[in-house]
Amino acid sequence: MTTLTDPYPTRGTTEVAVPRQDPVVWGAPDTPGPLPETGLRAFERDGFLTVDQLITDAEVAVYRRELERLVADPAVRADERSVVEPGSGEIRSVFEVHRLSAAFDRLVRDERVVGRARQILGSDVYVHQSRINVKPGFGAGGFYWHSDFETWHAEDGLPGMRTVSVSIALTENHDTNGGLMIMPGSHRTFLGCAGATPRDNYKKSLQMQDAGTPSDEALTTMASQFGIKLFTGRAGSATWFDCNCMHGSGDNITPFPRSNVFIVFNSVENTAVEPFAAPVRRPEFIGARDFTPVR
């Protein structure tokens, strides 16, 4: 019997860099949808694509109010889907918001959103993860450098790189308030991290990442090779990025809040299996096991 080798080994004794084995854009250039062919080419080259105004100012106001309602709701705060800042106890993220909120459910199904995901991934898609991220001013913590696919492969069991994320800004992204940073072109190299995955690692990693964190040496090499792009933009703008982009964000020590809604679409042809490098699956509100296509 032939044993298949994992093309993206991670969480071993040593860190290892592996060339990407999967396409970046899976759809044909003439696949109908909101993205022009030039946008698909740019996404394939850089691993990301920005849209200056994905949703209108009026829509931003609706989603801002919904974010504020969820964050202020004691039942949401007490729910296991909410993650709080270790120091302040303030809500940092709320997961599975498309199930908690009819407004965010509509956003997921909006053709401006899901249509781009279908074009990039070349198939029907389902929501692997959704959340709102809240970065109030004066000390909200950042997210350290990482590849999402490294975690989703190791801990959720996504087999291949056929997953795309969109971060939609609900507040203005300045160059000073903890914005998203990506290393352009890093999506073509998979960095398998060293170190075993603890059981229930998600309980710690959603506040401060440890397992799945690249070494300083690897990050220095990648930053020297690819550079770092910091994303700014008005509320309503969006950044689409490939699941294997090396990315992170800094703390927000300014008075200006930074909040966004984050949606992860996975191809229905890349559904999750058992974790590749973790003792147990993460909960479904973090890594979905409902593969129903978004309609």
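In which sense do strand β8 and β10 pair, and over how many bridges? The model shown is predicted.

**View 1. Strand β5 is enclosed.**
Strand β5 runs through residues 125-135. Buried here means under 20% relative accessible area. Eleven of the eleven residues of β5 are buried, so the strand is largely enclosed by the rest of the structure.

**View 2. β5 pairs with β4 and with β13.**
Strand β4 covers residues 91-95. The pairing of β4 with β5 is antiparallel and spans three bridges. Look for V94: this residue stands opposite I132 in β5. Strand β13 covers residues 258-267. Ten bridges link β13 to β5, again in the antiparallel sense. Here V125 stands opposite S267 in β13.

**View 3. β8 meets β10 in the antiparallel sense.**
Strand β8 spans residues 180-182. The pairing of β8 with β10 takes two bridges. Find M181, which stands opposite L230 in β10.

**View 4. Four strands form an open sheet.**
The strand order is β6-β12-β8-β10, and the pairing is antiparallel. Which strands stand at the edges? They are β6 (143-147) and β10 (229-230). Each has a single partner strand, so one side of each is left without a neighbour in the sheet.

**View 5. Helix α7 packs on this sheet.**
Helix α7 consists of residues 148-156. The helix touches β6 and β12, the latter at 246-249. The direction of α7 makes about 70 degrees with that of β6.

Methods
Residues are numbered from 1 along each chain as its sequence is written. This is a predicted model: local features need pLDDT of at least 70, side-chain atom pairs count only at pLDDT 80 or more; totals for chains, interfaces and linings use all residues. Side-chain values use heavy atoms; hydrogens and water are left out. Buried means under 20% relative accessible area, exposed over 50%, partly exposed in between (1.4 Å probe, protein chains only). Two strands pair if DSSP finds at least two bridges between them. Contact means heavy atoms within 4.5 Å. Axes are lines fitted to C-alpha atoms, for helices over the stretch in contact, and angles run from 0 to 180 degrees between N-to-C directions.
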